[in-house]
Structure formats: C-alpha cells, structure tokens
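Dear colleague,

Please find below the structure that I am handing over to you. My notes on what was found in it follow.

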Amino acid sequence: YVVARQTQQNKIKQVLQTLDQALQKEIQQPYQNNPKQKEQSFLSRWIQVEAVERPSVDLLQRGIVLKEIQLRLLLAQQIMLKGQYPEFQQELTEIIQIMQQLPDPNFLKQMQQKIVQLKETPVLSVPQLNTRALIG
C-alpha cells in the first residue's frame, strides 16, 4: 500500500510540475492570435492597415489568471501530499473552471486533459486492518 501510494503521488507530482513549467512558459510569452500570412505583396509587407480594437480585458488579465492557476496547482499539490483527495479533486475542478476564462483554447485544451486525467486518478484507499489479521 505504501509503495503504491508513493508511486501514485510521484506520478501526480511529476504531472503537476510539467503543468507548472508550461504555465511559467506561457506567463513569459504574451498571447498571440495572429495567423501567419505566407505570401504578401510588396506594399502589404511595408504598410499594414488594420482596424483599431481595444485589447480584450481577458487578454489584459491573462497573466494574472495564469499565475492564479499556477498557485492553485501548487496548493493542489500540497493538499495531495497531505492525503486529502476529495479536496484535491475539488481544487482541480476549480482550476478547470478558471481555465475556461482564458481565450486561447489550444494551450488550455492540453492542460485541461492532463488535469482531468489527474482528477480521474483512482484513490488508493487505506487497507482495513483488524486484530485478527494482524495476529493470525
């Protein structure tokens, strides 16, 4: 039981660390939603005409939301190490809800799949011990 639980916690910890590293990388680089245009005329490479749009509030707060997700992952890891699996799964559910606020679906889709996998990880129950089993 102890070895199985330790290996399960190590796997979960490793996945949480990879998610943390991916979040750190996303925080470092700004959100880009510009599709690459392959061939452009000479003038369009030099002069670019676009409609002026106000930046989305979601994009302005993207770094803050990513940092919140990162902190919640750290909190979830601490909860998992304490062995409080219902609270751990609740924290993962809250992380998924926070992720749905962000506008970039590709990055988040991969992260949400990993978090759902963590959430669906079966909980190793503590074996029932009784005095007859211990003695006999």
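How many helices and strands does the secondary structure of the protein come to? There are seven helices and zero strands, where helices (H or I, at least four residues) and strands (E, at least two) are DSSP runs numbered from the N terminus. Please note that this is a predicted model, in which local features need pLDDT of at least 70 and side-chain atom pairs count only at pLDDT 80 or more, while totals for chains, interfaces and linings use all residues. Residues are numbered from 1 along each chain as its sequence is written, and side-chain values use heavy atoms, with hydrogens and water left out.

Of the 136 residues, 24% are buried (buried means under 20% relative accessible area, exposed over 50%, partly exposed in between, with a 1.4 Å probe and protein chains only). Helix α1 (residues 2-28) counts Ile 12, Leu 16 and Leu 19 among its buried residues.

The structure also holds three salt bridges, each being a side-chain nitrogen of Lys or Arg within 4 Å of a carboxyl oxygen of Asp or Glu. Arg 72 pairs with Glu 68 at 3.4 Å between the closest N and O atoms; the two residues are four apart in helix α4 (residues 62-82), about one helical turn. Arg 72 also forms a salt bridge with Glu 91, at 3.0 Å. This pair links distant parts of the chain, as Glu 91 lies in helix α5 (residues 85-99) and Arg 72 in helix α4. Glu 91 is buried, at 7% relative accessibility. A further salt bridge joins Arg 72 to Glu 94, at 2.7 Å.

Yours sincerely
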